Amino acid sequence: MSMNERQTVARKLVGFIRDEIPLALNMDLHFQDCDEQHLSIAAPLVPNVNDKGCAFGGSLVSVMTITGWGLVELELRMRGLDCDVFVGESTVRYLEPVWSDFQSEARLAHGADWATFFDTLAARGRARIEVSCQVPGAGERPAATLEARFVAKRRPADAV
């Protein structure tokens with residue numbers, strides 16, 4: 001698929017996320033960007049602010065989790081595969097406050113690859129993949145990071 005087609009699928013996916021996950025709508029999440037390597041979702045500060053005037057930690061971890069989930073879901077949709085995707089485990093680090101609108105960027109973790117993931121999914125009907133997410137900070141260091149393992153499980157054909 002072309003980059004325009006990928007971005008169209010990603011925009012529809014973020015629309016689906018907003019429609020099906022009430023928290024994402026309340027957080028006012030929007031598609032930011034994507035390519036073959038990453039997905040980025042934007043969030044305004046106002047609905048995600050805490051009592052100190054910076055981004056609420058729960059919003060940061062939520063948008064990173066949704067972006068990581070979205071990266072896996074996007075690749076499945078690009079291949080026409082119908083799976084349930086869920087986060088199996090994750091670790092979050094908060095490194096600095098976020099004082100303005102922000103975005104979350106998701107990429108495959110070092111050593112993870114789509115080929116192994118999709119080969120395993122084809123063979124076993126279930127596969128897992130490691131994803132790294134971050135909210136960029138004011139400088140070169142990220143404001144928050146999330147390392148997560150996402151699992152995809154094929155749905156039975158008659159469940160669709």
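These are my notebook entries on a predicted model, written as I looked things up.

**Ground rules**

I number residues from 1 along each chain as its sequence is written, and I use heavy atoms for side-chain values, leaving out hydrogens and water. The model is predicted, so I ask for pLDDT of at least 70 for local features and 80 or more for side-chain atom pairs, while totals for chains, interfaces and linings use all residues.

**Entry 1: the sheet**

I began with the strands, taken as DSSP runs of E with at least two residues; helices are runs of H or I with at least four residues, and both are numbered from the N terminus. What is the order of the strands in the sheet? I found an open sheet of six strands, in the order β1-β2-β4-β5-β6-β3, with antiparallel pairing. Two strands count as paired here if DSSP finds at least two bridges between them. The edge strands are β1 (30–34) and β3 (83–94), each of which pairs on one side only. From one strand to the next, the twist averages 25°. For angles like this I use axes, which are lines fitted to C-alpha atoms (for helices, over the stretch in contact), and the angles run from 0 to 180 degrees between N-to-C directions.

A reminder to myself: strands of a sheet pair through backbone hydrogen bonds, either parallel or antiparallel.

**Entry 2: two strand pairs**

I then looked at β1 and β2, which run antiparallel and are joined by four bridges. They form a hairpin with three residues between them. In this pair, His30 stands opposite Ala42 in β2.

Next came strand β4 (residues 102–108) and strand β5 (residues 126–136), antiparallel and joined by four bridges. Here I noted that Glu105 stands opposite Gln134 in β5.

**Entry 3: helices across the sheet**

Which strands does helix α3 lie across? Helix α3 (residues 57–78) lies across β1, β2 (38–43), β3, β4, β5 and β6 (142–154), and it runs at about 145° to β3. Helix α4 (residues 114–124) lies across β3, β4, β5 and β6, running at about 145° to β5.

**Entry 4: aromatic rings**

I searched the whole structure for aromatic pairs and got three. Rings of Phe, Tyr and Trp (its six-membered ring) pair if their centres lie within 6.5 Å; planes under 30 degrees apart are stacked, over 60 edge-to-face, and the rest tilted. Trp114 and Phe117 make an edge-to-face pair, 5.7 Å centre to centre with 75° between the planes. They are about one helical turn apart because they sit three residues apart in helix α4. Trp114 and Phe118 make a tilted pair, 5.8 Å centre to centre with 35° between the planes. These two are four residues apart in helix α4, which again means about one helical turn. Together, Trp114, Phe117 and Phe118 form one aromatic cluster.

Are these residues buried or exposed? Trp114 and Phe117 are buried, and Phe118 is buried as well. Buried means under 20% relative accessible area, exposed over 50%, and partly exposed in between (1.4 Å probe, protein chains only).

I also spotted Arg77 over the face of Phe16, at 4.7 Å from the ring centre. The rule for this is NZ of Lys or CZ of Arg within 6 Å of the ring centre and within 35 degrees of the ring normal.

**Entry 5: the core**

How many residues does the largest nonpolar core have? I noted 46, and those with the most contacts inside it are Leu29, Val72, Leu76, Phe102, Phe117, Val131 and Val135. Such a core is a set of buried Ala, Val, Leu, Ile, Met, Phe, Trp, Tyr and Cys residues joined through side-chain atoms within 4.5 Å. Its largest share, ten residues, comes from α3.

Contact means heavy atoms within 4.5 Å.

Leu146 has its place in strand β6. It counts as buried because its relative accessibility is 0%. Beyond four places in sequence, its contacts include Val61, Met64, Thr91 and Cys133. Its C-alpha atom is 5.5 Å from that of Thr91, 55 residues apart along the chain.

Ser62 lies in helix α3, and its 18% relative accessibility is why it counts as buried. Leaving aside neighbours within four places in sequence, Ser62 is in contact with Leu23 and Met27.

Asp28 lies in the loop between α2 (22–27) and β1. Its phi is near 60°, a positive value in a residue other than glycine. Most residues other than glycine have a negative phi. At 28% relative accessibility, Asp28 counts as partly exposed.
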